[in-house]
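Q: Hi! Could you walk me through this model while I look at it?

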Amino acid sequence: GAVPDILNDLNIQSVKLLTNNPFKIEQLSQLGVNIVERVPIEVHPNDCNRKYLISKRDRMRHFLSDDLFASGTLSTSFSVEAGDSAVDFFASTTITESTTPTSPESSLASNEIEPLSNSADNNAAIVAATVDEQITEINRTGYQFGKESVMKAIEAIKQGQMVIVVDDADRENEGDFIMAAEKATAETIGFIVRYSSGVLCISLEGSRLDELKLPPMVVNNEDPKQTAYSVSVDYKYNTSTGISAADRALTFSKLCDPEVKWNEFHRPGHVFPLRYKPGGVLARAGHTEASLDLTRLAGLHAGGVLAEVVHDDGSLRRLPALQELAAEHHLVLTSVQDIIAYRREIESSSSSSS
């Protein structure tokens with residue numbers, strides 16, 4: 001990208017970034033920009049902008065705290081552990097400042113920005129901290145459905161069954177069917193097609209996608225969540241058009257088979273590979289990462305099938321409807337947040353014992 005070159009030409013070694021957008025942080029960090037501080041922009045919600053701000057928080061993961069909407073107090077308690085992404089690191093730098101209005105007249109208009117804190121001590125701590133060194137208590141990693149829900153999901157994945165994984169309750173409440181790609185069958189894929197949007201994806205590691213010579217679908221990814229689609233494929237052999245449940249099941253299993261080579265696939269096709277973000281759900285709290293993390297935890301090839309669960313009319317199923325569907329078909333239901341909590345717990349225990 002041109003941004004690092006421009007900064008170098010201007011002899012700028014580091015920047016403070018005025019943003020609530022985690023994807024700006026992530027993309028600039030990946031380009032090599034040295035971001036030493038995220039300066040938050042906090043706008044007090046009112047009747048005109050509340051839905052807009054909630055959409056920014058829930059659909060685009062902008063750093064806007066729940067307290068801001070609940071009581072008008074701008075506070076975020078978020079912390080960092082070793083290996084966290086740049087997004088997680090700078091999420092921890094939001095500055096706490098009480099801005100509760102004393103009367104309706106004192107509320108800020110939707111286009112006014114709250115005053116920013118410039119505490120020297122705070123800034124010094126931010127500059128000195130690194131993702132690998134600052135380890136503090138994380139307040140948002142508690143279980144949603146419980147540790148047992150993750151353990152049951154891992155066992156179901158290991159047995160070739162599908163599970164439903166829902167986004168965090170305070171985000172989208174969307175759910176995906178997830179199963180191990182190597183265990184895909186015509187029957188399981190047919191069921192997923194019946195109750196999903198019909199767009200079936202597979203989460204794969206970047207190294208596997210590179211082996212298969214599957215580049216990004218587009219050069220400039222404009223997806224608000226930065227879902228990393230790669231070029232779609234069909235397996236060449238023992239398939240017909242590639243769209244049937246049996247054809248897609250075979251394509252899924254072959255994509256995660258390390259013995260299968262890049263030239264055994266047609267491009268484009270009916271299966272959509274997604275590039276897994278290193279670090280998994282600890283780096284990006286998405287279904288792409290959750291699906292592959294579950295297959296790894298189950299001891300299988302790194303590759304997870306995923307598809308969004310919908311109603312018969314095509315609208316997305318939210319959490320109550322997802323629970324009903326899971327109960328009806330005896331499927332395990334867990335959440336991305338539960339997988340985050342589970343991974344942190346077992347990896348922390350592993351580090352402590354080693």
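A: Happy to; we can start with the overall picture and then go to single residues.

Q: Great, what kind of model is it, and how are residues numbered?
A: It is a predicted model, where local features need pLDDT of at least 70, side-chain atom pairs count only at pLDDT 80 or more, and totals for chains, interfaces and linings use all residues. Residues are numbered from 1 along each chain as its sequence is written, and side-chain values use heavy atoms, with hydrogens and water left out.

Q: How many helices and strands are there?
A: The protein chain has 13 helices and 11 strands. These are DSSP runs numbered from the N terminus, with helices being H or I of at least four residues and strands E of at least two.

Q: And what share of the protein chain is buried?
A: Of its 354 residues, 49% are buried. Buried means under 20% relative accessible area, exposed means over 50%, and partly exposed lies in between, using a 1.4 Å probe and protein chains only.

Q: Let's zoom in on α10. Which of its residues are buried?
A: Helix α10 covers residues 245–255, and its buried residues are Asp-247, Arg-248, Ala-249, Thr-251, Phe-252, Ser-253 and Leu-255.

Q: What do they pack against?
A: The buried residues of α10 pack against helices α8 (186–195) and α9 (206–211), along with strands β7 (201–204), β8 (233–235), β9 (265–275) and β10 (304–308).

Q: Switching topic, how many disulfides are there?
A: The structure holds 0 disulfides, a disulfide being a pair of cysteine sulfur atoms within 2.5 Å.

Q: Are Cys-201 and Cys-256 buried or exposed?
A: Cys-201 counts as buried because its relative accessibility is 6%, and Cys-256 is buried at 6% too.

Q: Where is the cis peptide bond?
A: It runs from Arg-267 to Pro-268, with omega near -5°. Pro-268 sits in strand β9.

Q: Which residues have a positive phi without being glycine?
A: Asn-11 is one, with phi of about 60°, in the loop between α1 (2–9) and β1 (15–18). His-330 is another, at about 55°, in the loop between α12 (319–328) and β11 (332–335).

Q: Is Asn-11 buried or exposed, and what about His-330?
A: Asn-11 is exposed, with a relative accessible area of 59%. His-330 is exposed as well, at 72%.

Methods:
Contact = heavy atoms within 4.5 Å.
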